[in-house]
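This report looks at one residue first and then at the chain around it. Please keep the structure in view while reading.

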Amino acid sequence: MNASSTPPIELNGQDFLLRRAQESDVEARLALGRDPEIYRMFGGDAFVTRPYTQADSEAWLRANSEHPAAWIIDRDGLIGEVRLDNIDRHDRRASFAIGILDRKLLGQGIGTAATKLVLGHAFGELALHRVSLRVLAFNERAIASYRKCGFSIEGREREAALVDGEWHDDIMMGILAHEFSAPKDKPQGK
C-alpha cells in the first residue's frame, strides 16, 4: 500500500470505533490475555499454559502499529483487532483477519459489524476488487458471521492446521466488490 492509500485513522461503527493502535493499548491487551477458547479459534492450542506477558503485549502493539491497514476495535476500550493483509494494488485484492479478544462480547454482532465496516473501506476508498480469508472449519460462529457479510465458501484445504494435537481443515472464503452490500447508513472514516 502506498502513501496515497494510507488507511484512515478511524472508521466509525454504530457502537464501536475502529482506530489505529496506541501506546495505552498495551495494558488493555495485557488484561485481555490469551483466552483458551478464543486462542483455539485462531488456531492455537487450548492447552497452552504460558501466560500472556507484558512482552507479548508490547510485541502485539508494535505489529499493529507498523501494519499499514490494521485497526483496534474499541468499544469503551480495546476489545479486538481487524486488518487487511497482503494488499495487492495491481490485482486489487487483500486478505482479511479479525479477532474479538473478550469472550463476553462474542456472538453480539460486533465482529460482523466491524467486518462490514472494513469491507466498505476496502471496496470504497481502496477500490479493491476482492477480499479473501481463511478460517478453521470448526469455527462455525466466524463462518456464519462471514456469510452474513457476503463472503462465499470457495474451497477447503484439508488437514491444514494442527490444533490441540488434531488436524483440522481450513475453509477459504472470498467476496467480490459487486457482491458486497454496504450498510445504508455507511459510517465514514476520519
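With the side chain of which residue does the side chain of Arg19 make a polar contact, besides that of Asp25? The model is predicted, and in it the partner is Asp74, at 2.7 Å.

## Arg19 and its surroundings

Arg19 is part of strand S2, which covers residues 17-19. A polar contact of 2.7 Å also links its side chain to that of Asp25.

Is Arg19 buried or exposed? Its relative accessible area is 7%, and residues under 20% count as buried, so Arg19 is buried. Leaving aside residues up to four places away in sequence, Arg19 touches Ile9, Glu10, Asp25, Ala70, Trp71, Ile72 and Asp74.

## The chain as a whole

The protein chain has five helices and eight strands. Read from the N terminus, their order is β-β-α-α-α-β-β-β-α-β-α-β-β.

Of the 190 residues in the chain, 44% are buried. Among contacts with a separation of 6 or more, 62% are between residues 24 or more positions apart. The accessible surface is about 10,100 Å², and carbon and sulfur atoms account for 48% of that surface.

## Confidence

The mean pLDDT of the chain is 90, with 89% of residues at 70 or more.

Where pLDDT is low, predicted coordinates should not be read in detail.

Conventions. Residues are numbered from 1 along each chain as its sequence is written. This is a predicted model: local features need pLDDT of at least 70, side-chain atom pairs count only at pLDDT 80 or more; totals for chains, interfaces and linings use all residues. Side-chain values use heavy atoms; hydrogens and water are left out. Helices (H or I, at least four residues) and strands (E, at least two) are DSSP runs, numbered from the N terminus. Buried means under 20% relative accessible area, exposed over 50%, partly exposed in between (1.4 Å probe, protein chains only). A polar contact is a pair of N or O atoms within 3.5 Å; within protein, one must be able to donate a hydrogen and the other to accept it, and residues adjacent in sequence count only if both atoms are side-chain atoms. Contact means heavy atoms within 4.5 Å. pLDDT is the predictor's confidence in each residue, from 0 to 100. Accessible areas come from the Shrake-Rupley method with a 1.4 Å probe; for residues, only the protein chains shown count as cover.
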